[in-house]
Amino acid sequence: MMRSGNWFVPLLDGKPFIDKPVLFHWLQGASVSLLGESEFSARLPSAIAALALFAITRWVGIALLGAEAGEWGAIMFATIPATFALSSIGLFDMVFTAFLFGAVGCLLVAAKQRRPRLEHAAYGLLALAVMTKGPVALLLVALFCGGAWLAGGGMRAAIAGLRWPAGLGLAALAASPWFVWMHGRFGADFVQGYLLAGNLFYFTQPASFSSRAISHVYYLRAFAGAFFPWSAVLVGRAIDVIRNRRVAEWPVEERLLWLWAGIIVAFFSLARFKLDHYIFPAAPACCLIAARAWSEAARDETRDWYGTRISVLTIAAILLVAGSFGSVYLFELNLELPEAAVVFPVVLAVGGVALLAASAANRWRMPRSPLAPVLTLLAAYVCIVTIGYPALEQTRPTALVARTLRQMTTPDAPLAIYRLEQWRASLRYYTERPIARLSTPEDVVAFVSPARPVYVVMLRRDYKELRRGGLELREVFRCRAVVGTTRTRSGLRRQQWDDLIIVTDAPARRRAE
């Protein structure tokens, strides 16, 4: 978009690529314009959005549930694996969640504190969320407000002062200019490529869109892992409320947070096309609920907080088992990790012991604060960044391969990948050129047929197969990479290594005599 000078139409390989609305591309473009083209500038909008979302979560938590729940809820949100991952990659989910949960938080605080101007800010943030991911933002907020109204009682009374139907309409109107312009520019192609393929097909999933297997419990697994360990506390909280039949005693603010998290998980569970980060907008609410549950169970010893207390012991047990298992089997993954990687499972095990000790010191009740698991997670992330990331660079050396391609080819040389679709996006980013996709030997023959040198990235085993088929190609570069996994007897996925190579049909240069 920057190179073409067209800031309205997202482009890929010089052609319109209307997968999502344009706002996130604008934010990345602004970052690149200020800081230059780099991984840092491409990831900066996500990192800034993570900081903003931390502040939003804290503010909403303090306003709705009190200072202690707000403070710890924000810290819990900052330490879940999903936040750690999404804050450091160039995907729009963190930015989208900042706008979307910011809008919902403003609505909840505006309703509680009777602040109409804050409601106006909510609809402005909602318009930005629509400009980031599309009309799904409007639909989610409509389901949330409609659900609260249908629930009646305190929940209906809580949103009674909000003019949310009109607000949703204003947000849609504010976000509409780009959509209207795109429809006028591309017509039926915009309807098919975005409104249908980018929205409706996620629920209908025609064969032409995706052939992924459908799992209706996919997001339950994603919730348990991506929001760990606070997902366990959330489950314990739900058990306590249901077991003691105290739903009516829930503060209405907590019930509204439960409603928001439930709508997010249920809505995307109905979709037939699923990715784990789709439920991330539920994370701030889940962490605030978990923080309140921890605080209440630690402070109030007169009630039987059986589920919440068991959840803490469960977290400790999981950390201990993961640490023990990891210290034995970590190096069987065949990731070629350094010996220092053993620190990671040790950190988990120590965290489990610390959490058990804190619980025992409090007569096996809730520890006074979730400090032990928070510090464990932070230490684990330090290990991942300092030890895991360098190992990951070795398993997927796309930057190295792309730099090599740029050095050995002219800017207009045709490039392709053969049976490496999962590598295409990163190779294209680092080469800054279009990358053709080849799936069959016939595709390779057709690609190399024209009378100009071409370069193809493939596995060495596929190269040998093509050579046996009579295709004359020459290897010009080789490096090792992880290309698959095999299941071990212990149930682990052991990494498979192979040579990743660059081949060409260009003749070898003769050395000067």
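The legends below describe views of a predicted model of a protein.

**View 1. The fold of the whole protein.** The predicted model contains 21 helices and 7 strands. Its radius of gyration is 26 Å, close to the 24 Å that the globule rule gives for 513 residues, so the protein is as compact as a globular protein of that length. The C-alpha trace spans about 90 × 60 × 40 Å along its principal axes.

**View 2. Contacts and burial across the chain.** Of the 513 residues, 49% count as buried. When contacts between residues at least 6 apart in sequence are considered, 71% of them join residues at least 24 apart.

**View 3. The surface and the charged side chains.** The protein carries 53 positive and 35 negative side chains. The centres of these two sets lie 4 Å apart.

**View 4. Phe144 in helix H7.** Helix H7 covers residues 136-151 and includes Phe144. Phe144 has a relative accessibility of 1%, and because buried means under 20%, this residue counts as buried.

**View 5. The surroundings of Phe144.** With neighbours within four places in sequence left aside, Phe144 is in contact with Val104, Leu108, Leu256, Leu259, Trp260 and Ile263. Ile264 is 120 residues from Phe144 in sequence, while the C-alpha atoms of Phe144 and Ile264 are 9.1 Å apart in space.

Key
Residues numbered from 1 in each chain as written. Predicted model: local features only at pLDDT ≥ 70, side-chain atom pairs only at ≥ 80, totals over all residues. Heavy atoms only, no water. Helix = DSSP H or I, 4+ residues; strand = E, 2+ residues; numbered from the N terminus. Rg over C-alpha atoms; globule rule 2.2 N^0.38 Å. Buried < 20%, exposed > 50% of the residue type's maximum accessible area, 1.4 Å probe, protein only. Contact = heavy atoms within 4.5 Å. Lys, Arg positive; Asp, Glu negative; His and termini not counted. Charge placed at Lys NZ, Arg CZ, Asp CG, Glu CD.
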